[in-house]
Each structure stands twice: as C-alpha cells, then as structure tokens.
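The following exercises concern a single protein chain. Please study the sequence and the model before reading each solution.

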Amino acid sequence: MRDAYHEELDSIGDGLVEMARLVGSAIGRATTAILDADLKLAENVIEADQKVDELQHDLEARAIALLARQQPVATDLRIVVTSLRMSADLERSGDLAQHVAKLARLRYPARAVPRDLHATILEMGQLAQRLMAKAAEVIITKDVDLALQLEQDDDAMDLLHRTLFQHLMDDRWKHGIETAVDVTLLGRYYERFADHAVSVAKRVVYLVTGEHADEIQAELQSEIQTVPGTEGA
C-alpha cells in the first residue's frame, strides 16, 4: 500500500516535469511564430495548450485524492501541497506562451515585431526556454543550489525587458502606437514566464529544505558578509 502511495507521489513529480517541458517548448515555438509571422505554428501552440491544461487538472485531481486517502504529513504533505502550487505556475506559463502565439495570429500576415527588435525578442524567447528547462531539471534533481541560481539567471530577462522599454521611449521610435502596445505586451509575457520558472524553482527549495528560498539566500548573503575581506561587497 505504501509502495503504491510513493509511486503516486513520484508520478505527480513526473507530471510536473512533463508540464515544464511542454511549456518550455511552447514558448520557443511561440517566439518563432511571432518573429516569422508563422500562422500555422501559432495555431499549433494555441491548440497544444489544452494538453498542459489537461495535465494540470489531472495532477490536481490526483494530489487532492492523495490528501483525502492518505492524509500525508511532514515531507509528504509538503510534496503534495507544493506540487499543486507548481502545477499552477506551469499552467500559467503555458497560457503566457499561448498569448504570444495569439498575438502572432492576430497580426498575421504582418509581423508584430519590428525588424530592429527581432534580436531582443529572440533572446527573450530563448532565455525563457532555458529558464524553464532549468526549472524542469530542478524538479527532477531537487538540486537546491541550481534552484537558487534561477533567480540570478532571471536578472538577464529583467535587463532585456528594460531594453525593450528603452526602445519604446526613444524619440526615434517610428513604428506607431499599435506596435508599441504589442511590444509592451510581449515584454510582459516573457518577463512573467521567467518569473513563473523562478517560482517553480523556489518551491522546490521549500519542498527539499522546508525553508523559503528568500530566507536561504538571506542567510547565504549574511554568511558572505561575515567572511573576512568581504565587508562592503
């Protein structure tokens, strides 16, 4: 009976990994669709989000059933509750990838992104995909150090987001209001996608340690500051 119980816990973890891989692929394909004005690819991304929703609903149902049948405590309870929260993060990530694809569909056959911003949007899409791949790895390995790295990696997305706004606020902007709105929305979609990847990683930290990632990072920073020669670092 306990073996079946732990197999069910493991299967919930497997479902989270599958969701992370699906939404990571979705944001990559949505980025291609928005940059290439690829209507077919955009439609595929939009339709594929249903699979992510189904996985999330299935995972949620199984987690709630486990809570009802087994009444887990301590670490097992933390696994179930944290998994529910991670599945919500991943489902929302899939929605954000779908939003990118829907914008590509809305503007087709025109391109939503001006040529001079292609490189920035491409980099944001690639970074979002890498962050989610790393989040999937964290789910599998339960590597706390790797999980804590994601927030630092997310700084690069914040920098790219600011770069977009610098373009939008430039007096030389010549692409009109509609395109400015599109680019603003895209920047927000990618930034929020990255935030959800970081959130997944932080939840794994809590799952493994029972402490919140912010608390651990504060402790590490305090330890660094007490090392001789690092004052003011």
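Helices are DSSP runs of H or I with at least four residues, and strands are runs of E with at least two, numbered from the N terminus. The model is predicted.

**Exercise 1.** Determine which elements the protein contains and in what order they run.

*Solution.* Step 1: the count gives seven helices and zero strands. Step 2: read from the N terminus, the order of elements is α-α-α-α-α-α-α. Step 3: the C-alpha trace spans about 65 × 55 × 20 Å along its principal axes. Step 4: of contacts between residues at least 6 apart in sequence, 81% join residues at least 24 apart.

**Exercise 2.** Decide whether Aspartate 3 is buried or exposed, and name the patch to which it belongs.

*Solution.* Step 1: Aspartate 3 is located in helix 1, which covers residues 2-36. Step 2: exposed means over 50% relative accessible area. Step 3: Aspartate 3 has 60%, and is therefore exposed. Step 4: together with Glu7, Asp10, Asp14 and Glu18, Asp3 forms a negative surface patch. Step 5: in the protein there are 25 positive and 41 negative side chains, with the centres of the two sets 5 Å apart.

**Exercise 3.** Classify Valine 181 by its relative accessible area and describe its patch.

*Solution.* Step 1: helix 6, residues 176-209, holds Valine 181. Step 2: buried means under 20% and exposed over 50%, with partly exposed in between. Step 3: the value for Valine 181 is 44%, so Valine 181 is partly exposed. Step 4: Val181, Ile177 and Leu185 make a nonpolar surface patch of about 290 Å².

Definitions and conventions. Residues are numbered from 1 along each chain as its sequence is written. This is a predicted model: local features need pLDDT of at least 70, side-chain atom pairs count only at pLDDT 80 or more; totals for chains, interfaces and linings use all residues. Side-chain values use heavy atoms; hydrogens and water are left out. Patches are made of residues with over 30% relative accessible area and no salt bridge: like charges are joined within 9 Å, nonpolar side chains (Val, Leu, Ile, Met, Phe, Trp, Tyr) within 5 Å. Accessible areas come from the Shrake-Rupley method with a 1.4 Å probe; for residues, only the protein chains shown count as cover. A salt bridge is a side-chain nitrogen of Lys or Arg within 4 Å of a carboxyl oxygen of Asp or Glu. Lys and Arg count as positive and Asp and Glu as negative; His and the chain ends are not counted. The place of a charge is taken as NZ of Lys, CZ of Arg, CG of Asp or CD of Glu. Buried means under 20% relative accessible area, exposed over 50%, partly exposed in between (1.4 Å probe, protein chains only). Contact means heavy atoms within 4.5 Å.
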